[in-house]
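Here is a walk through one protein model, from its overall surface and fold down to single residues. Please keep the sequence and the coordinates open while reading.

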Amino acid sequence: MEVGNLDAAEPFTTRDGSTIREILHAPAQSLAEATLRPFQATDRHYHARSEEVYFLLEGGGTMEVDGVERPVGSGDAVLIPPGAWHRIAAGERGARFLCMCAPPYSHEDTYFD
């Protein structure tokens, strides 16, 4: 059995600018916690292979997926299909959310404008 722990996960900055702590990195998927400071935004990007789900735990802001924007907040889950351009901009309280990626997140699968 493999068990990950959030407190034991070392934070790092992804290519899109968010700070994440990867909780689990399995062969078929990954789970990480991401944080954005108040009014911080990720760079608009896409993943060619990975499908992502963001689940907002605290704070919120504006989510954009393929040109469609909407406000998101605590309790919201956002599906991001492979190849969909996306970004999240935190509001005044910042944002803390879980990122689930299948296949697992990799810097090499992150593409920018």
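The accessible surface of the protein amounts to about 6200 Å², and 53% of that belongs to carbon and sulfur atoms. Accessible areas here are from the Shrake-Rupley method with a 1.4 Å probe, and for residues only the protein chains shown count as cover. This is a predicted model, in which local features need pLDDT of at least 70 and side-chain atom pairs count only at pLDDT 80 or more, while totals for chains, interfaces and linings use all residues. Residues are numbered from 1 along each chain as its sequence is written, and side-chain values use heavy atoms, with hydrogens and water left out.

The secondary structure consists of zero helices and nine strands, where helices (H or I, at least four residues) and strands (E, at least two) are DSSP runs numbered from the N terminus. The radius of gyration of the protein is 13 Å, close to the 13 Å from the globule rule for 113 residues, so the protein is as compact as a globular protein of that length. That radius is taken over C-alpha atoms, and the rule is 2.2 Å times the number of residues to the power 0.38. Along the principal axes, the C-alpha atoms fill a box of roughly 40 × 30 × 20 Å.

Of the 113 residues, 40% count as buried; the term means under 20% relative accessible area, with exposed over 50% and partly exposed in between (1.4 Å probe, protein chains only). The protein has 9 positive and 18 negative side chains, and the centres of the two sets lie 4 Å apart. In this count Lys and Arg are positive and Asp and Glu negative, with His and the chain ends not counted; each charge is placed at NZ of Lys, CZ of Arg, CG of Asp or CD of Glu.

Strand S2 (residues 19-25) pairs with S3 in the antiparallel sense over six bridges, pairing being assigned if DSSP finds at least two bridges between two strands. S2 and S3 form a hairpin with four residues between them, and arginine 21 has glutamate 33 in S3 as its bridge partner. S3 is also joined to strand S8 (residues 86-102), antiparallel, by seven bridges, with alanine 34 opposite phenylalanine 97 in S8.

Threonine 35 lies in S3. Its relative accessibility is 29%, so threonine 35 counts as partly exposed. Beyond its neighbours within four places in sequence, threonine 35 contacts Ser18, Thr19, Gln40, Ala95 and Arg96. Tyrosine 46 is 11 residues away along the chain, and the two C-alpha atoms are separated by 18 Å.

Threonine 42, in the loop between S3 and strand S4 (45-47), counts as buried because its relative accessibility is 2%. With neighbours within four places left aside, its contacts are Asp16, Ser18, Leu36, Arg87 and Ile88. Proline 103 sits in the loop between S8 and strand S9 (110-112) and is partly exposed, with a relative accessible area of 26%. Not counting residues up to four places away, proline 103 touches Ala28, Gln29, Arg49 and Ser50. The C-alpha atoms of proline 103 and alanine 48 are separated by 10 Å, with the residues 55 apart along the chain.

Note on methods:
Contact means heavy atoms within 4.5 Å.
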